[in-house]
Amino acid sequence: MTKDLYEILGVSESSSPDELRKAYRDLAKKNHPDTNPDDSAAEERFKRISDAYDILGNPEKREQYDLMRKGGHDPFSAAAGGEGFGDLSDILRSMFGGGGNPFGGGRPASRGTSQVEIEIPFVTAAKGGTVQRVLRLPAVCSKCNGAGGSGRETCASCGGAGRISSGQGFFSTMHPCANCGGRGYTLKKKCSACGGAGEIRSSENVSLRIPPGASSGTTLRTSIGGNTVLVRLRVKNDRFFTRQGRDLLCSVTVTAAQAVLGAALMVRTLDGKVKLKIKPGTQPGAVLRMRGKGVVHNGITGDQLVTVVVKLPVELTAEQRSLWTKVREAGF
Ligand SMILES: [Zn+2]
Ligand SMILES: [Zn+2]
């Protein structure tokens with residue numbers, strides 16, 4: 001049995017939302033219990049198709065799924081901690097930490113995977129380094145041990161399924177049950193510490209090692225308190241630098257005389273200020289390469305590319321006017 005959600009829907013990973021929806025509708029129609037009464041295999045397929053579309057049809061969930069799938073981790077074995085799975089909903093529960101329903105809340109997975117995003121300075125991303133952050137991570141409520149309270153009863157609205165369908169036939173869509181919040185059960189007495197959720201957000205002070213050459217979207221996998229946490233990086237812009245792969249781009253402004261006569265400037269690099277020679281006769285827009293001053297990524301170092309901007313005087317004093325007139329008369 002394939003566990004790849006794209007394979008379940010018979011589409012490629014680059015398929016558009018429209019293609020996904022069409023594939024889902026075709027398959028759902030073919031396998032719908034209404035058209036296949038007493039066919040448990042079709043019912044099972046229908047359930048798997050619905051579960052797959054629950055994820056892939058939701059841009060955020062799809063992104064999260066793609067991230068885990070592409071990150072060199074089999075999302076399923078990663079989520080399962082290497083144990084086998086029989087049921088797709090188990091996989092989804094482990095991936096998204098829900099109660100068998102990727103949309104709903106539910107029992108927190110004790111070994112779940114959570115995802116957070118942090119912002120890091122440009123230079124830290126480029127050079128690598130360590131950042132300290134306080135992350136708010138889900139943790140099992142210690143007061144109720146994750147039960148959420150006492151007096152558990154099967155939800156009367158959804159009969160324990162955690163979700164309800166609305167609409168008709170194969171166009172029907174599943175929604176988390178509002179009565180039980182997708183858990184499938186209600187509690188007579190809710191836990192005072194977690195309000196019935198069974199989990200709380202705990203603040204963890206963590207130290208994260210940022211690899212050199214990290215960029216926005218880079219996701220680090222770390223383990224905090226027994227839970228796998230995917231930390232997605234967002235790199236702040238820098239006022240001076242921009243990145244182009246391993247190369248750093250920046251610009252410096254020189255006067256007309258500096259461009260014509262040459263100059264030596266102190267230019268900011270990742271390792272502090274470094275002298276850069278502007279040769280006599282440097283043209284506006286010239287790009288000067290500072291070798292080896294770029295970003296090190298996978299053992300290869302980029303360069304810093306400096307664009308020379310020439311600033312011409314806007315207003316001239318009488319003396320400057322006379323000097324520029326002489327330049328003109330000399331034929332330059
Ligand atoms: Zn609690
Ligand atoms: Zn319910």
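Biologist: Among contacts between residues at least 6 apart in sequence, what share joins residues at least 24 apart?

Modeller: In this protein, 58% of those contacts do. Please keep in mind that the model is predicted.

Biologist: How many helices and strands are there?

Modeller: The protein has nine helices and 17 strands.

Biologist: And what percentage of the residues is buried?

Modeller: Of the 332 residues, 27% are buried.

Biologist: Let us turn to the helices. How do the axes of H2 and H3 cross?

Modeller: Helix H2 covers residues 17-31 and helix H3 covers residues 40-56; their axes come within 9 Å and cross at roughly 160°. An angle over 145 degrees counts as roughly antiparallel, and therefore H2 is roughly antiparallel to H3.

Biologist: Is that crossing left-handed or right-handed?

Modeller: The crossing of H2 and H3 is left-handed.

Biologist: Which residues make the contact?

Modeller: H2 contributes Leu-20, Tyr-24, Leu-27, Ala-28 and Asn-31. From H3 come Ala-42, Arg-45, Phe-46, Ile-49, Ser-50, Tyr-53 and Leu-56.

Biologist: How does the contact of H2 with H3 divide by class?

Modeller: Nine of its residues are nonpolar, two are polar and one is charged.

Biologist: Now the sheets. What is the order of the open sheet of four strands?

Modeller: The order is E10-E11-E17-E14, and the pairing is mixed. From one strand to the next, the twist averages 35°.

Biologist: Which strands stand at the edges there, and what does that leave?

Modeller: Strand E10 (242-244) and strand E14 (287-290) are the edge strands. Each has a single partner strand, so one side of each lacks a neighbour in the sheet.

Biologist: Do E11 and E17 run parallel or antiparallel, and how many bridges join them?

Modeller: Strand E11 (residues 247-255) and strand E17 (residues 304-311) run parallel, joined by eight bridges. As an example, Val-254 has Val-310 in E17 as its bridge partner.

Biologist: What is the order of the open sheet that three strands form?

Modeller: That sheet runs E1-E9-E8, with mixed pairing. Its edge strands are strand E1 (113-120) and E8, each pairing on one side only. The twist there averages 30° from one strand to the next.

Biologist: In what sense do E8 and E9 pair?

Modeller: Strand E8 (residues 219-224) pairs with strand E9 (residues 227-235) in the antiparallel sense, over six bridges. Within this pairing, Thr-222 has Val-229 in E9 as its bridge partner, and Ser-223 stands opposite Thr-228 in E9.

Biologist: How many residues lie between E8 and E9 in the hairpin?

Modeller: There are two residues between them, and Gly-225 in the turn has a positive phi of about 55°.

Biologist: Where is Asn-145, and is it buried or exposed?

Modeller: Asn-145 lies in the loop between strand E2 (129-140) and strand E3 (149-154). It is exposed, because 10 other C-beta atoms lie within 10 Å and a residue with 12 or fewer counts as exposed.

Biologist: And where is Asn-298 found?

Modeller: Asn-298 is in the loop between strand E15 (296-297) and strand E16 (300-301). Asn-298 also counts as exposed, with 8 C-beta neighbours inside 10 Å.

Terms used
Residues are numbered from 1 along each chain as its sequence is written. Chains are lettered from A and ligands numbered from 1 in the order in which they are written. This is a predicted model: local features need pLDDT of at least 70, side-chain atom pairs count only at pLDDT 80 or more; totals for chains, interfaces and linings use all residues. Axes are lines fitted to C-alpha atoms, for helices over the stretch in contact, and angles run from 0 to 180 degrees between N-to-C directions. Angles under 35 degrees count as roughly parallel, over 145 as roughly antiparallel, 65 to 115 as roughly perpendicular and the rest as oblique. A crossing is left-handed if the near helix is turned anticlockwise from the far one by less than a right angle, and right-handed if clockwise. Two residues are in contact if their C-beta atoms, placed from the backbone, lie within 7 Å. Ala, Val, Leu, Ile, Met, Phe, Trp, Tyr, Cys and Pro count as nonpolar, Asp, Glu, Lys and Arg as charged, and the others, Gly among them, as polar. Two strands pair if DSSP finds at least two bridges between them. A residue is buried if 20 or more other C-beta atoms lie within 10 Å of its own, exposed if 12 or fewer, and partly exposed in between; C-beta atoms are placed from the backbone.
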